[in-house]
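Dear colleague,

Please find below the structure that I am handing over to you. My findings follow directly after it.

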Amino acid sequence: MTQIDFYTHVENKHQVACMLSAKALERDMRVLIYTPDKAVSEVMNQLLWSASATAFLPHCSPQNELAALTPIIIQHEADGLLHDEVLLNLRSEHPPFFSRFQRLIEIVSTDEADRLAARDRFKFYRDRGYEIRSHDLSKGKS
């Protein structure tokens with residue numbers, strides 16, 4: 001069954017997506033960053049290029065000739081899924097194919113509309129019997 005993690009109280013969803021992608025990469029896991037549209041895919045592409053001066057986060061689109069070998073895929077369409085390891089959802093709705101992945105990561109910002117959409121996704125997963133772990137990223141701040 002898919003392991004589901006919600007990261008809540010996030011100020012910048014895209015930065016946290018980069019951070020979590022880097023952590024997965026450190027654990028030799030492949031990540032599919034599922035974005036709502038081409039514009040957000042491009043934002044993620046730029047952020048992953050500049051995520052760290054000391055680390056390289058190899059990524060591409062699923063259409064790239066090296067996609068089968070690249071650990072981080074940025075995708076806004078639901079077809080042509082290249083692996084089943086980590087799905088990082090940046091959309092407001094649940095991905096229809098989430099259950100084929102080993103792990104699903106949901107990132108919830110402090111924006112009220114985003115929080116409401118996340119509650120709907122949380123309820124959707126919970127009502128289907130998935131165990132959900134929550135991680136409050138506001139804790140530990142001064």
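The sulfur of Cys18 is 15 Å from the closest cysteine sulfur, that of Cys60, which is too far for a bond. A disulfide is taken here as a pair of cysteine sulfur atoms within 2.5 Å, and a search of the whole structure finds 0 of them. Cys18 is buried, at 5% relative accessibility, and Cys60 is also buried, at 11%. In these terms, buried means under 20% relative accessible area, exposed means over 50%, and partly exposed lies in between (1.4 Å probe, protein chains only).

Please note that this is a predicted model, in which local features need pLDDT of at least 70 and side-chain atom pairs count only at pLDDT 80 or more, while totals for chains, interfaces and linings use all residues. Residues are numbered from 1 along each chain as its sequence is written, and side-chain values use heavy atoms, with hydrogens and water left out.

I turn next to the pockets. A pocket is an open set of points, on a 1 Å grid over the protein atoms alone, where a 1.4 Å probe fits and protein lies on both sides within 12 Å along at least five of seven lines; lining residues have an atom within 4 Å of a point. A volume is the space filled by probe spheres set on the points, which are joined across faces, edges and corners. Helices (H or I, at least four residues) and strands (E, at least two) are DSSP runs numbered from the N terminus.

The largest pocket has a volume of about 240 Å³. Its lining has 13 residues, and Ser41, Ser61, Gln63, Ile74 and His76 lie nearest its centre. Two or more lining residues come from each of helix 2 (38-49), strand 3 (59-60) and strand 4 (72-75); helix 2 gives the most, with 4 residues. By type, the lining of the largest pocket divides into 3 nonpolar, 7 polar and 3 charged residues. For this division, Ala, Val, Leu, Ile, Met, Phe, Trp, Tyr, Cys and Pro count as nonpolar, Asp, Glu, Lys and Arg as charged, and the others, Gly among them, as polar.

The second largest pocket has a volume of about 180 Å³. Its lining includes Phe6, His9, Arg115 and Phe122. Helix 3 supplies the largest share of this lining, 4 residues, and the lining of the second largest pocket divides into 4 nonpolar, 4 polar and 2 charged residues.

His9 is found in strand 1 and is partly exposed, at 34% relative accessibility. Phi of His9 is near 60 degrees, a positive value in a residue other than glycine. Asp28 likewise has a positive phi of about 60 degrees; it lies in the loop between helix 1 (13-26) and strand 2 and is exposed, at 70% relative accessibility. Most residues other than glycine have a negative phi.

Finally, the aromatic residues. Rings of Phe, Tyr and Trp (its six-membered ring) pair if their centres lie within 6.5 Å, with planes under 30 degrees apart counted as stacked, over 60 as edge-to-face and the rest as tilted. The count comes to 8 aromatic pairs. One of them joins Phe124 and Tyr125 edge-to-face, at 5.7 Å centre to centre and 75 degrees between the planes. Tyr125 is buried, with a relative accessible area of 0%. Phe6, Phe98, Phe122, Phe124, Tyr125 and Tyr130 form one aromatic cluster.

Yours sincerely
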